Amino acid sequence: MTDTTTTTTTPPGAPTGRTGTPASPAKPPARLRAWVTRAPLLPALIFLIIVTQLPMVATLVISVFDWNALYPEARSFAGLANYAEVLSDPELRKSVFTTIILTATVVLVSLVLGMLLALLLDRRFKGRAAVRTMLIAPFLLVPVAAALLWKHVLYNPEYGLFNGLLHAVFGDDAAQPDWVAEMPLGAVEASLVWQWTPFMMLILLAGLQSRPMEAVEAAWIDGASAWQVFRYITLPHLRRYLELGALLGTVYIVQNFDAVFTITSGGLGTANLPYTIYQTFYQGHEYGVASAAGVLVVIGSIIIATFALRVVSSLFREEARS
Amino acid sequence: MSAATSASPAAKTNAAPSTAPNTAPKSVRRRNAGLGLIAWLVGILFVLPVLWMVLTSLHSEADAATNPPSLAAPLTLDGYREFFGAGGGPSPWFSLANSVTASVVSTVFVLLLALPAAYALSIRPVKKWTDVLFFFLSTKMLPVVAGLLPIYLFAKNSGMLDNIWLLVILYTSMNLPIAVWMMQSFLAEIPTALIEAAQIDGARLPVILTRVVAPIAMPGIAATSLICFIFSWNEMLFARVLTGVIAQTAPVFLTGFITSQGLFLAKVCAASLVISLPVLAAGFAAQDKLVQGLSLGAVK
């Protein structure tokens, strides 16, 4: 962790001035100098701890109280009862399940699509930059706008583009499914895959372009097939970029609120944990239960984040070494 | 660059680029051209919903809601006029102004906090600077929704509900970790020899920062700002819960824009495009640095 390629000015642990620098005649004591070095860091650190960590602590505290906002006088210590309620409430349990399915599907599908697209874009062809720009466009719509686009402009059973195309291609007796009602979770997933595939593509393309070309060229000269080059050189090199994409995608998509809120309003079995928590406290006013669910989401996120941080740190260290 | 990846469709016309050794067999070249075509098709497929949205926004409501779709219907700006309040609906200017305030001011705050922090993590690093860097990152991994209730209660009790400054503070904290990571990686690229040379020449810290560090770091600062701007502009959960009428931001306005009566497709498309425009512009401007920001600095 203490790789210090960027830190040749002051090696950590050697606070006693540098050669070549005109040191001030009266050297301030080492402790003061350490604080001077630390000072620029403190505003950001303190701000972040207050705004992001304190609310988490408060959530933890609220989660052990029986607290409904409509009956504020009845607030009382409840121990772990809220957690028991979260874990035994079929609706909340279902939203845990929905969150897992939604996240896993979107991450895996967009990762595979993103890799295929990255492999395509790694080649030279006419208009590659234009294709790249077209592919990024879905990612650059405001998420709410993208969700509205899918819900009203594409999925609408009467005049949406999908049914319109079915009508135009197959004639008057074409099937006209009500997409959101018939496959609610799939509808949410499709819109998210559309938005997140470009993200995966960008990460994997960056990975492909950092691939050592000597090895690939050597393999070509040795007569390796395209599949062999992919299987034995490209894929192992991409492994960590795939992991990174999957983990960051998971971190972002587990938190998804906009698509669920807009496309199905959490109905038809699509309510994921963020939506359920939002509803439990915003409409149900069950502060204690909502907080307990929140704590459980945090625990789940910490598990994912531990892996994510490990991958980031391994890439980071490799970067520092090269 | 290997021969296989450098064969472009142009090579067919005997205008082989002199830099690329054109030793790939014809079949490989033909396959590359074919794959290029597939890439084009997939690209078009991905951008099609967006293009359709543009077209729909330029149709009249009646033409936008036909089945099968009417491609050649006459174009009109009515959808945009309606969105900007011509039909007697609520005006979007308030919420657009709120979004601009929340995004721009929070981005400025982020830079004010992140730049010194990144300096203390790269050019003149504190002890255990990697640990500090990873602490910043770890805060980004925790789901926003888990801290929402205490923030809501705090806002309610302190009268900050429906106040745009609360969003400014929250967006600052939301983007600070990303900005610190990005700025750290940009500042770390500045050659230390350059800074030392300036010190030997007797330059003091303010001079070094403005004359040596700032010019090199400027493109990175610009990319970081654009990404922070995008994230703040897109944010909806905080905005939805913590704002009402006065501090409503554009995404919240957009969700309240759907009416149950009458047709609204053209209007919604126009609204979505107008509200996405700043993000599209910022995103394409920062295209090359986008991955770095989104992957929290892990990918360059």
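**Contacts within and between the chains**

In this predicted model, 15 residues of domain 1 of chain B are in contact with 10 residues of domain 2 of chain B, where contact means that the C-beta atoms, placed from the backbone, lie within 7 Å. Helix 4 (78–83) of chain B, along with helix 2 and helix 3 (61–64), supplies at least two residues of the domain 1 side, and helix 4 gives the largest share, 5 residues. Helices here are DSSP runs (H or I, at least four residues; strands are E, at least two), numbered from the N terminus. By class, that side has 7 nonpolar, 5 polar and 3 charged residues. Ala, Val, Leu, Ile, Met, Phe, Trp, Tyr, Cys and Pro count as nonpolar, Asp, Glu, Lys and Arg as charged, and the others, Gly among them, as polar. The domains themselves span 3–83 and 93–294 of chain B, with bounds from an automatic or database domain assignment.

Now for the two chains: 99 residues of chain B are in contact with 97 residues of chain A. Helix 2 (residues 26–57) of chain B gives the most to the chain B side, with 17 residues. That side splits into 69 nonpolar, 25 polar and 5 charged residues.

Residues are numbered from 1 along each chain as its sequence is written, and chains are lettered from A and ligands numbered from 1 in the order in which they are written. As the model is predicted, local features need pLDDT of at least 70 and side-chain atom pairs count only at pLDDT 80 or more, while totals for chains, interfaces and linings use all residues.
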